[in-house]
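User: I am new to this structure. Please take me through one part of it closely, then through its surroundings.

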Amino acid sequence: MEPFKDSINSDVIETIGDIFKRIWPSFDRTGFIDKASASLTTLELKERVMQVAHALDETLPADFADLSATLLSSLHPSEDTDRDEIQFGPGGICNRAIWPLTELVVIRGLDHPIEALDLLKEMTKRFTSEFAVRPFLDKWPEVALPIFHEWASDPNRHVRRLASEGSRPRLPWGMRLQSFVNDPTPLLAILEALKDDPEEYVRRSVANNLNDIAKDHPDLVSDLAERWLKDASKNRQRLVKHACRTLIKQGHPAALSAFGYKPLASAEASLTLHTPKVTYGGAIEFTLTLSDVPVGSNLMIDYAVHFVKANGTRSPKVFKWKDMQLSGGGDLVATRAHAIKPITTRKFYPGQHLIEIAVNGQSVAHAEFDLIMP
């Protein structure tokens with residue numbers, strides 16, 4: 001498999017040059033190719049994208065209206081490249097070759113938000129404009145938000161997804177939309193309109209947007225989850241659970257309650273640690289006993305290992321364990337072994353660690369063990 005960055009290569013650049021030369025005879029194809037290809041093999045993907053975008057900026061029409069017409073004419077005629085399984089080529093620009101065009105729209109169009117967002121809408125049908133729309137939403141929220149609302153009801157699934165994905169407050173690899181990190185309420189009507197979208201691809205984006213919001217406003221998302229789960233379809237249930245994945249992992253009480261994981265006030269828990277001393281490379285072995293669990297209780301059982309850090313303090317890492325319904329009530333006995341072995345994401349230190357059990361978000365038992373390093 002070729003490196004991801006090689007999706008922007010000399011052949012792609014030459015084909016882009018051919019397309020613009022055909023559309024606009026005055027286009028300096030040779031100058032564009034020279035600028036776009038300079039030291040290309042030394043550049044990473046985003047650097048290549050930006051170099052091509054700047055080369056287009058220097059060689060395409062200076063007037064934004066003329067530029068817009070030229071860019072629109074360059075696009076592949078298909079409006080759903082994924083579904084049609086088309087390939088980028090002389091017939092028009094699509095797939096990853098669109099990316100430099102979206103960046104060019106940001107470079108040239110930030111003072112023309114309505115025209116620029118219309119361009120990005122057309123481009124997203126052929127790849128994605130989720131990164132490029134964000135500067136417009138940040139600078140011109142009063143202009144951009146009504147347009148995003150319109151996109152949420154667009155016939156094209158990629159445009160509908162753009163309304164959600166482009167407005168995520170904390171989109172990975174995208175600029176943070178700090179105003180919506182602080183106050184996400186202007187986004188909620190967009191997400192509401194998309195919560196029952198027929199495309200899983202769109203609904204997953206809604207869930208990811210809400211997961212972003214939950215990192216800063218957990219109670220808001222918990223309340224929304226409870227409301228959306230009433231008389232919810234299977235698709236909406238999956239969306240809401242994915243949206244609350246961070247809250248569920250953190251044991252947020254209101255989020256867990258929305259999914260039916262209620263505190264077990266009458267139940268009793270005990271933890272038996274079978275390995276009070278664990279040698280690095282071995283495993284912690286433990287048994288949880290729950291007594292007097294009410295009939296029909298939904299149980300989400302997690303455990304956290306509080307690992308010793310270099311400075312001697314401890315830091316917890318949560319691991320999922322069981323998600324079940326104890327339909328008959330009564331007692332539950334469960335045993336687990338957790339390996340302490342080399343992994344790339346953690347350095348282990350000797351000392352007294354702790355294991356903690358949580359049931360439906362509430363800590364119910366804990367025990368300490370010693371980790372011995374060879």
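Predicted model: local features only at pLDDT ≥ 70, side-chain atom pairs only at ≥ 80, totals over all residues.

Now the helix itself. Helix α3 runs over residues 45-59, which makes 15 residues. From its first C-alpha to its last, α3 reaches 21 Å. That is close to the 21 Å expected at 1.5 Å a residue. The buried residues of α3 are L45, R48, V49, Q51, V52, A53, A55, L56 and T59.

The loop between α5 (81-84) and α6 holds N95. Leaving aside residues up to four places away in sequence, N95 touches T81, I86, Q87, F88, R126 and F127. S164 lies 69 residues from N95 in sequence. In space, N95 and S164 are 20 Å apart, C-alpha to C-alpha.

Helix α4 (residues 64-74) packs with helix α7 (residues 113-124) at an angle of about 10°. Their axes are 11 Å apart. Angles under 35 degrees count as roughly parallel, so α4 is roughly parallel to α7. On the α4 side, the contact is made by F64, S68, L71 and L72. They meet E115, A116, L119, E122 and M123 in α7. By type, the residues of this contact between α4 and α7 split into 6 nonpolar, 1 polar and 2 charged.

Note on methods: Residues numbered from 1 in each chain as written. Heavy atoms only, no water. Helix = DSSP H or I, 4+ residues; strand = E, 2+ residues; numbered from the N terminus. Expected span 1.5 Å × (residues − 1). Buried < 20%, exposed > 50% of the residue type's maximum accessible area, 1.4 Å probe, protein only. Axes fitted to C-alpha atoms, helices over the stretch in contact; angles between N-to-C directions. Parallel < 35°, antiparallel > 145°, perpendicular 65-115°, else oblique. Contact = heavy atoms within 4.5 Å. Nonpolar A, V, L, I, M, F, W, Y, C, P; charged D, E, K, R; others polar.
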